[in-house]
Amino acid sequence: MSSIKEGIHDHLIELQEEIDCIFTAGRNTKVSEVNIGQIYGGMRGVVALACNTSYVDPYSGLHIGDYTTDNFSHKLPEEIFFLLSTGKFPEAESLAEFQNDLNQRAQVPQYVWDVLRNLPRDTHPMTMLSLGILSMENESVFKREYQKGIEKRNYWKYTLEDALNILAKLPSLAAGIYRIRFGNGVLIAHDSKLDWSGNLVHMLGIPDGDKSFADLMRLYLVLHCDHEGGNVSAFTSRVVNSALSDLYYAVSAGLNGLAGPLHGLANQECLQFILKIDEQLSDQVSEEELKAYVLDVLDSGKVIPGYGHAVLRVTDPRFTAFMKFGEENCSNSSCFKIAKKLFSVVPDILKNYKEGKIANPYPNVDAMSGSLLHHFGLKQFDYYTVLFGVSRVMGFCAQNILAQGLGQPIIRPKSVTNKWVLENLAVKKK
Ligand code: AMX
């Protein structure tokens, strides 16, 4: 058995023991109540899901297992996937074995390129990524084995196979999308001597003399990996997989959620926002001018991209990690300077805007990431969410493997009509 499979197997035993203990203590114990506002308000704050890959604390941000962002941000994405799915970082030997396994599976079938090359020229790169994954659905090991008849307790093993096949192909697929959509369409071959993020940088073909772009990409792919279970993309992916639709369907569906401007597309919108400020006011913009600009945007009914969060109530530690990288590697870049200036004015404005209705006035991960990508030569901001997606697929895969391994059932909350609510409140419509 491979180290990752063994690690997941052992992790599932631990998690199942914890669940048994929780159920023995009280399966009917209440942990959350739902009010009418939450039924109509996107279920915000309703505790209704178990996710054992990661946890987002409102004040200390993303935790993976026992590690906070500061404690894992220096790792490789492969190590992070291992941590998400087994609860532990791999030993050197297991990491090498895992990387070797990914290399063996990296070849993207020719028909995927045929599909992508036949799309309209201006198709959004997120559509291409989602479609690229979905076009390979026929390769699903889970689907093939399920049709033969497999025991429920083994579902996770075939879901893991699908996860490894998808993850291995992602750098080639994402880089190919970049070169088809923004370049001359000539693909650069995968290099088995490079690691997962190194290969993505290599196949994108963006010049990187001092390897700072490769450092940024490693950090980028680590920081976006997972954000617990209730965000739009992870939840969507989990719901789809809970119907035993295989991981190709589930990952593609999760990516479709990530493509929205209130979620993953915010990083594209953030850079557009910053470039507009650079064009209209320059990176020498004063604090007063910037405040007036931000207020104008808010008064026109738009959100400030990269600010706010459904769970976080402080500056996102992932933003802080990117800011540190920017200070160390590109403090003179115009985009970085503007992103930093926005950080010094936006939180105070949002705190006082809409009578304090904005729950979190602080920056999320998207407020800084695009500025760094832009500085290092990746200027096509339509592409940024693809990089977010490449990273986040690690979270989708790990969450679904663990859920399958724990035998979690199909997800099906109950919805109600206005009539039901009116009757239950014993209120008459005027
Ligand atoms: N600018 C202006 N208004 C904002 C705002 C922002 N950055 N963040 C929240 N608000 C507004 C909301 O639109 C809402 O107004 P409404 O009641 O008139 O509709 C009000 O404040 C209350 O919202 P909330 O409870 O603070 O936030 P939420 O949980 O409903 O939404 C989020 C969270 C992220 C969608 C929201 O903060 C937002 O739209 N931010 C900008 C887009 C963004 O950065 N998205 C990326 C999030 C991280 C990610 O997934 N990548």
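Guide: Under 20% relative accessible area, a residue is buried; over 50%, exposed; in between, partly exposed. This model is predicted.

Visitor: Why is Arg 144 called partly exposed?

Guide: Its relative accessible area is 46%.

Visitor: What makes Glu 145 count as buried or exposed?

Guide: Glu 145 has 11% relative accessibility. The cut-off for buried is under 20%, so Glu 145 counts as buried.

Visitor: How do you know that Glu 145 and Arg 144 meet in a salt bridge?

Guide: Their side chains come to 3.5 Å, N to O. A salt bridge needs a side-chain nitrogen of Lys or Arg within 4 Å of a carboxyl oxygen of Asp or Glu. The pair therefore qualifies. Side chains of opposite charge can pair when their charged atoms come close.

Visitor: What makes Asp 382 and Arg 181 a salt bridge?

Guide: The N to O distance is 3.7 Å. The limit is within 4 Å, so this pair counts too. Asp 382 sits in the loop between helix H18 (366-375) and H19, and Arg 181 in helix H9, so the bridge ties together parts 201 residues apart in sequence.

Visitor: Why is Asp 382 called partly exposed?

Guide: Asp 382 has a relative accessible area of 22%. Buried would require under 20%.

Visitor: Which side chains meet in a salt bridge at 2.6 Å?

Guide: Arg 318 and Asp 316 do, N to O. Both residues are buried. Elsewhere, salt bridges that share partners join Asp 101, Arg 105 and Glu 161 into one network. The whole structure has 16 salt bridges.

Visitor: Why is Asn 118 called exposed?

Guide: Asn 118 reaches 66% relative accessibility. Exposed means over 50%, so the label holds for Asn 118. Asn 118 lies in the loop between helix H6 (110-117) and helix H7 (125-135).

Methods:
Residues numbered from 1 in each chain as written. Predicted model: local features only at pLDDT ≥ 70, side-chain atom pairs only at ≥ 80, totals over all residues. Heavy atoms only, no water. Helix = DSSP H or I, 4+ residues; strand = E, 2+ residues; numbered from the N terminus. Buried < 20%, exposed > 50% of the residue type's maximum accessible area, 1.4 Å probe, protein only.
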